[in-house]
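Student: I would like to learn how to read a fold, going from the whole chain down to a single sheet. Could you walk me through one?

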Amino acid sequence: MTRITIDPITRIEGHLRVDVDVDGGRVKKAWSSGQMWRGVELILLGRDPRDAWAITQRICGVCTTVHAITSVRAVENALQMEVPLNAQFIRNLIILAHSVHDHIVHFYHLSALDWVDVTSALKADPDKAAILGESLSSWSLNNKHEMRKTHERLKNFVNGGQLGIFSNGYWGHPAMKLSPEVNLMAVAHYLQALEIQRHANKIVSILGGKTPHIQNVAVGGVANPIATDSQAVLTVERLLAIKTFIDGLNDFVKNVYLVDVAAVGAFYADWTKIGAGVTNYLAVPDIPLDTKGTQFAMPGGFIEAGNLGSYKPITKFGDEYWTKGVEESVKHSWYNYDAKGPLHPYQGETKPNYTDFKEDAKYSWLKSPTFYGKVAQVGPLARVLNMLAAGHEPTKKYATATLDTVSTLAKTKVGLDAMHSTIGRHAARAISCAVQVDMLADQWSLLLSNIGKGDTKTFNKPTFPKGEQMGVGFHEAPRGALSHWVVIADGKIKNYQCVVPSTWNACPRNEKDEPGPYEASLMNTPIAETEKPLEVLRTIHSFDPCIACAIHLTDKENDTTISVKAF
Amino acid sequence: MHAVILGIGNIILSDEGVGVRAVEALEKAYRLPEGVAAIDGGTSSMELLDDLSDLDLLVVLDTIMAGKPPGTIIRLTGEEVPVFFRRKLSPHQISLADVLASLELIGHLPKEVVVIGVQPVTLELGLDLTPTVAAQVPQLVALAAAEFSARGCALEPLGAVV
């Protein structure tokens, strides 16, 4: 038995440590441990609920906007407020642009190099790579010129004595299986994605005032005055610029991202049978279409044991089915509760009790959330499966198209079952991204037509009554269901708890000692080389952990430490 | 001149936020000319790619763990900058290093990078800087502004107290 510990060195975002016991070339046991205490809840106590969003968006450098949005939704829910239509549409545009950005960057820049061997791309024939690319899609930059240029650039980079950002990959690892031409095409798209992701960022920055920390949200709406005749505000001209960026994203997502994911899925078909783990899937509805949050463009709900027929929808902001279902256990977390057993977030406590890593007792700063007592996976896969279960037509369209492409390339029928896997999470992220690019265009049209009707309202002023109010805000963030739970007493925050997507997925064992989604997904994963556990990274990265971080690998048996860049 | 003054750090971890606080102070103290932007980068990474593309100058304000007495200001430039990231003197070495490496890859790297940082007293949870580090914010702002004067592109003071 070999114990492998994978521990990121960064202190600010990721802080994820994964330990696996490997025996006979397979993972037999796994532990996922959050290595940093998130104490933001304590900072919020006693503060004005209208300020919470600006503070919570500092929880994480990757997910700034999502915490801002969720926080104002929580306070609005506590105050039973309605939000003007324009504000919903503007928030929706920010949410969707952020999500599209996040998905593109995650696939190409934070995880593709788990599957793509950059050094192999050097051996490719660029012209053959172009022929392959042109056979797969109509993307204009799959041509010979572009592939030759990429090949040349890569060669210069390597000949310059350093691989730079590619320096610490698992190049030549036996689990790397793509042909040199596919690798070269992927590297070309990696570079193109660096340019394309700017389109999404520009949308957020036009609407949010600034990136990475948006400044336009407010409890009750958004701080974007709308006018058709002033430069300082949201003008028709700016709205038209947004449309141009949406069109650029659309081309790339449909003709490159979706196709690449299908190709990786087909060439790594064995990975459709690895990494399923927890198949209870939880997603919250999002992209509200009315002022109250009772109609949504993206459905959400809960599916048990991978059975789409078990789908039960969450139907509105503050839906009791959602609100009553969530609990968090600290049996294996570095906290103590005064009460016994798991607690509902409204009663949630944040009392640290660090014990060092005790694999049979406490070993993580993450709490362990459950939905009606059940461990649940969140994220794009949960989102896509719930949307399919809800009969969401656009999701059906892109899921079918993607699985068809995989089937054609793999020369075997690949069905929906393949989605319950490591590669399935990547496919779901791309499908979700395609659906969300279409929604961006829809929300843009809705905003324009609403302004066209003469409605320029963007804000309802909140009023805080005496006494106590409780509210929950939820948001289907790029990494999955995010919720903020606030208790307000006499206009001040009395309790605040954030239940974040990575908590759902990366949580330690729960009250019943059941493993969390990361832990469960690693079981029986084949490991070719214990000192280079690329396979562990593939599955963990498929969940999109919060940061692309350099990590230390420690093989305790041989007492060797290897520094590895995780992307 | 196309330049960015980038404050990085996490404002909920006390002195960790000094770079962001300095950028806020700088925006109050100077009128930034066309082409020069002050950015509160927080702990972001790839979101900054666009803003940091094709710059003549990038001035990074940050916390620096250099084993010096708390409040010590350190300025790094040229060859020292990659060393700064490699030795992990900054808590953000990973994310900003990734952004710079990506910019290098697509040929949009800033022509010049200067890092000005302060040795923290503590990185405990909290929204306020310690008095020792807070007292250095005006100096940090002045040093950032001096980078522009030294390049013949002095920032125009607004007359506000830093």
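Tutor: Gladly! Let us start with the radius of gyration, which is taken over C-alpha atoms; the globule rule is 2.2 Å times the number of residues to the power 0.38. Keep in mind that this is a predicted model.

Student: What radius of gyration does chain A have, and what would a compact globule have?

Tutor: For 567 residues the rule gives a value near 24 Å, and chain A has 23 Å, so the two agree. The C-alpha trace spans about 70 × 60 × 45 Å along its principal axes, and 58% of the residues in chain A are buried.

Student: How many helices and strands does chain A have?

Tutor: Chain A has 16 helices and 17 strands. Take helix α16 of chain A, residues 534–542: 8 of its 9 residues are buried, among them A:Leu537 and A:Ile540. After α16(A) comes A:Asp544, with a positive phi near 65 degrees.

Student: Now a sheet, please. In which order do β6, β9 and β10 of chain A lie?

Tutor: The order is β6-β9-β10, an open sheet with antiparallel pairing. β6 (281–283) and β10 (312–314) of chain A each have a single partner strand, so one side of each is left without a neighbour in the sheet. Neighbouring strands here are turned by 20 degrees against each other on average, direction ignored.

Student: Which residue stands opposite A:Leu282?

Tutor: That is A:Phe302 in β9(A); β6(A) and β9(A) pair over 3 bridges.

Student: And which strands does helix α11 of chain A lie across?

Tutor: Helix α11 (residues 380–389) lies across β6 and β9 of chain A, at about 85 degrees to β6(A).

Note on methods. Residues numbered from 1 in each chain as written. Chains lettered and ligands numbered in written order. Predicted model: local features only at pLDDT ≥ 70, side-chain atom pairs only at ≥ 80, totals over all residues. Helix = DSSP H or I, 4+ residues; strand = E, 2+ residues; numbered from the N terminus. Buried ≥ 20, exposed ≤ 12 C-beta atoms within 10 Å, placed from the backbone. Pairing = 2+ DSSP bridges. Axes fitted to C-alpha atoms, helices over the stretch in contact; angles between N-to-C directions. Contact = placed C-beta atoms within 7 Å.
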